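Okay, thanks for coming, everyone. Let's have the structure up on the screen and walk through it together.

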Amino acid sequence: MEKMWAGRFQKPENEQVNDFNSSIRIDSRMYREDILGSIAHAEMLAACKILEEADVVKITEGLRAILSDLEENRIAIDPAAEDIHMWVEAELTGRIGDAGKRLHTARSRNDQVALDTRLYLTGRIDAIKRETCALIETLIGIAEANSDAIMPGYTHLQRAQPIAFSHHVMAYAQMLLRDVERLNDCRKRTAISPLGSAALAGTTYPIDRRTVAAKLGMQGVCRNSIDGVSDRDFVAELAFDLALLMTHLSRFSEEIIAWCSWEFKFIELDDAYATGSSIMPQKKNPDIAELVRGKTGRAYGNLIAVLTMLKGLPLAYNKDMQEDKELIFDSVDTVLQCLPIFRDMVATATVLKENMARAAEKGFINATDCADYLVGKGLPFRTAYKITGRLVADCIASGKTLGQLTMEEWKAADAHFEEDIYDAIDMQTCVGRRTSEGGASFAAVARQIAETKQVLDTLR
């Protein structure tokens with residue numbers, strides 16, 4: 001295939017240079033966006049009397065035929081092409097003749113590739129949002145189905161205070177809600193049309209950029225033609241948003257991996273979402289969670305690579321920018337691969353409430369409630385804290401829990417203790433009294449779930 005820019009050169013491009021320079025392997029996935037962008041551009045050229053209507057009819061019909069043939073697998077993209085833009089134009093010209101050569105009027109590959117990338121990523125953002133919202137809905141369902149379950153809450157991976165299991169699950173729902181909010185914000189800055197920026201300085205043709213943007217469902221146009229072709233902030237922003245989303249999935253994966261272990265045994269994964277060992281018959285491995293945790297590193301690496309690629313670039317377009325697509329496409333693919341299978345894994349897991357409850361009884365996680373009991377009797381918190389600390393130390397020495405202390409032992413520690421101490425340190429009471437907004441009580445979590453549903457509806 002002869003290069004579109006061959007007129008300036010005296011000899012053909014070196015084959016290795018051609019392979020090194022080509023991006024068709026990566027950007028061919030944007031064929032639909034490239035064709036739709038070209039159709040909108042051609043129709044605008046006709047409306048602005050820049051191209052003859054007859055030529056534009058040939059162009060648009062030819063482009064729609066190419067799109068149909070690609071989607072029906074009647075033709076294949078030439079892997080020897082330099083990029084998707086050149087392939088589409090060459091294919092169009094081969095079909096309709098000289099009219100196809102007029103399509104590139106008033107634009108450059110610089111603004112064209114920026115447009116294609118923005119259009120493609122806008123669609124991918126929408127897909128990721130849908131999957132993230134579906135995961136949030138799944139977590140809400142798990143929280144509602146296990147609204148009576150109590151587990152130990154942890155700090156420093158040490159048992160800290162009793163909480164509702166639903167409260168722990170909903171913490172991840174809040175993280176994912178923020179991910180959706182960030183994706184919505186990123187979409188606003190992504191769905192901006194650079195077309196009409198041309199190579200960097202705009203064009204001498206009397207084009208109508210805003211009509212093209214509107215046809216393509218975009219929210220506006222880039223205000224500066226240099227920025228229009230050199231801006232990749234939206235790529236970096238999306239790379240960050242996806243890296244953070246993967247961080248949240250990875251943190252959840254880490255807990256799922258721990259909870260599946262015999263040391264915790266808080267949940268049991270469905271057999272369809274676990275694997276075995278090639279040598280140890282007893283094993284049931286949480287490989288999905290481990291892979292999600294591992295794939296998070298890809299998203300981190302892609303973010304750093306995008307930022308590094310951008311950090312030293314002068315204005316306007318530079319070939320370095322060709323690297324952005326492979327990186328961001330990999331992050332998009334990784335997230336879209338992880339979200340559905342992660343959702344199904346947690347949706348089918350069994351929550352082992354009894355094991356959680358037994359764990360909550362250990363570790364003195366009702367000690368704060370014991371101290372709060374004494375505060376309610378009039379003692380300063382630091383005094384109550386010290387008394388409770390001594391009681392915990394005595395219990396450890398005698399192999400008891402706080403609930404197993406006799407009334408005589410309570411009274412020996414402090415005269416303020418009465419029979420109602422047993423109810424005060426009961427796990428149900430400990431959880432039920434944490435009614436502050438955003439707290440871990442069953443009632444507070446029910447309010448949180450209702451609010452989360454409302455927020456989710458506004459973010460879709």
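Quick definition to start: helices (H or I, at least four residues) and strands (E, at least two) are DSSP runs, numbered from the N terminus. This is a predicted model, where local features need pLDDT of at least 70 and side-chain atom pairs count only at pLDDT 80 or more, while totals for chains, interfaces and linings use all residues. Residues are numbered from 1 along each chain as its sequence is written, and side-chain values use heavy atoms, with hydrogens and water left out.

Now, the inside. A cavity here is a set of points, on a 1 Å grid over the protein atoms alone, where a 1.4 Å probe fits but cannot get out; lining residues have an atom within 4 Å of a point. Which helix gives the largest share of its lining? That's α11, with three residues. Both α8 and α11 (233-260) supply at least two residues each. Among the lining residues are Phe165, Trp259 and Val351.

Last stop, Leu200: you'll find Leu200 in the loop between α8 (165-190) and α9 (209-215). Leu200 counts as partly exposed because its relative accessibility is 39%, and that label covers whatever falls between buried (under 20% relative accessible area) and exposed (over 50%), with a 1.4 Å probe and protein chains only.

Methods
On a 1 Å grid over the protein atoms alone, a cavity is a set of points where a 1.4 Å probe fits but cannot get out, and a pocket is an open set with protein on both sides within 12 Å along at least five of seven lines; lining residues have an atom within 4 Å of a point.
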